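This report is for a reader who is new to the structure shown below. Please have the sequence and the 3D view at hand while reading.

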Amino acid sequence: MSTPTGPAPGLPVRMPRPRQSGRHRRPEPVAAPEGAPTLVLAVPGTPSAAVRGLAEEVVSIARSELPGLEARIGYLEGDSADDAEFPALHVIVARTATQRVERYELAKAAGREVAEPEGPAAVVVPLLAGPEGDLISRIEQAVADSGAGAELTDVLGPHPLLAEALHVRLSEVGLARADRARLFTVTTAADGIILATVGGEEAVDTAGITGMLLAARLAVPVMAAALDVPGSVSSIAEQLRGAGSNQLALAPYLIGPELSEGLLDAALKEADCAAAEPLGAYPAIGKLVLSKYATVLGIAQQPQGSPAL
């Protein structure tokens, strides 16, 4: 057993790894700059314990990638009360601006030499894979209503990491091979993928870019459809079957909270096929959220993908 002063005699002691030298040396980890704006994750959809858990996991991933990152979660459908369980987005953004000023004033009162805050008080990153129509407009309005100097980033996609996440979700339910390197057969693997999004034609066009990346990974046709456009899913299913795909699968190009209840079930009935789970808190989502934040700050922080599947 260990003692209060260290490990007991005879037990191995964990020592820090020596730094590699030369061109293989790992770079020093990047940390959030002092006084950097707060990252505010803008979460759409109806707040719930499950949605909060997902958002907290995404923020946790972002923090692990950038030590010192200050991050908050604001809900588009949240409550404006000060002690709200699910605080509204505009309230959180306004609060970050107020807290930034308060910290500066306290530091000055304490006699510390601190630079006056510059740039945005918060960087707001939508928890959305694509440009999902009305949701983006409402997030923009919430940021404006906050009255704070906040900057809103683009949505997370399209991006190769999202194609990776879609591949993983399909493989988890046996609808795709989990590993391209090992050419084993999955008897339930789909030979045609419907990439399901929401937000109309603009969202379909954007999803189609990630769809091409997914098609290259799976070597099967992938076509995007809008869950919120009547007949879109059934039309794409017919096109895929007409082109020779007999075993279809639906891959939600959605993180989860933005998906209205019953919309996915209705699409599955239209397409008459199996489906993967939404992207959820897949690690790539947290990395892309951080990448959007880092781009605003000019931090050299690029999301790194997992090893190719």
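The sections below describe salt bridges and then one serine in its surroundings.

## Basis of the report

The structure is a predicted model. Residue numbers count from 1 along the chain as its sequence is written.

## Salt bridges

How many salt bridges does a search of the whole structure find? The search finds four, and three of them are described here, each under its own heading. Side chains of opposite charge can pair when their charged atoms come close.

## Arg52 and Glu85

Arg52 and Glu85 form a salt bridge in which the closest N and O atoms are 3.1 Å apart. Arg52 belongs to helix 1 (residues 49-65), while Glu85 sits in the loop between strand 2 (71-75) and helix 2 (89-109), so this pair ties together parts that are 33 residues apart in sequence.

The two partners fall into separate accessibility classes. Glu85 has a relative accessible area of 54% and is exposed, because the exposed class covers values over 50%.

## Arg138 and Glu77

Between Arg138 and Glu77 there is another salt bridge, with 2.8 Å separating the closest N and O atoms. This pair links distant parts of the chain: Arg138 is in helix 3 (residues 134-146) and Glu77 is in the loop between strand 2 and helix 2, 61 residues apart.

Arg138 is partly exposed at a relative accessible area of 30%. Glu77 is also partly exposed, with a value of 40%.

## Arg72 and Glu70

Arg72 forms a salt bridge with Glu70, and their closest N and O atoms are 3.3 Å apart. Arg72 counts as partly exposed, with 32% relative accessibility. Glu70 counts as partly exposed as well, at 22% relative accessibility.

## Ser245

Where in the chain is Ser245? Ser245 is placed in the loop between helix 6 (232-242) and strand 7 (248-252). Is Ser245 buried or exposed? Ser245 has a relative accessible area of 4% and is buried, because buried means under 20%.

Which residues does Ser245 contact, leaving aside its neighbours within four places in sequence? On that basis, Ser245 is in contact with Asp191, Gly192, Pro221 and Leu240. For Asp191 there is a further detail: the side chain of Ser245 reaches the backbone oxygen of Asp191 at 2.9 Å.

Note on methods: Predicted model: local features only at pLDDT ≥ 70, side-chain atom pairs only at ≥ 80, totals over all residues. Heavy atoms only, no water. Helix = DSSP H or I, 4+ residues; strand = E, 2+ residues; numbered from the N terminus. Buried < 20%, exposed > 50% of the residue type's maximum accessible area, 1.4 Å probe, protein only. Polar contact = N/O pair within 3.5 Å; in protein donor to acceptor, adjacent residues only side chain to side chain. Contact = heavy atoms within 4.5 Å. Salt bridge = Lys/Arg side-chain N within 4 Å of Asp/Glu carboxyl O.
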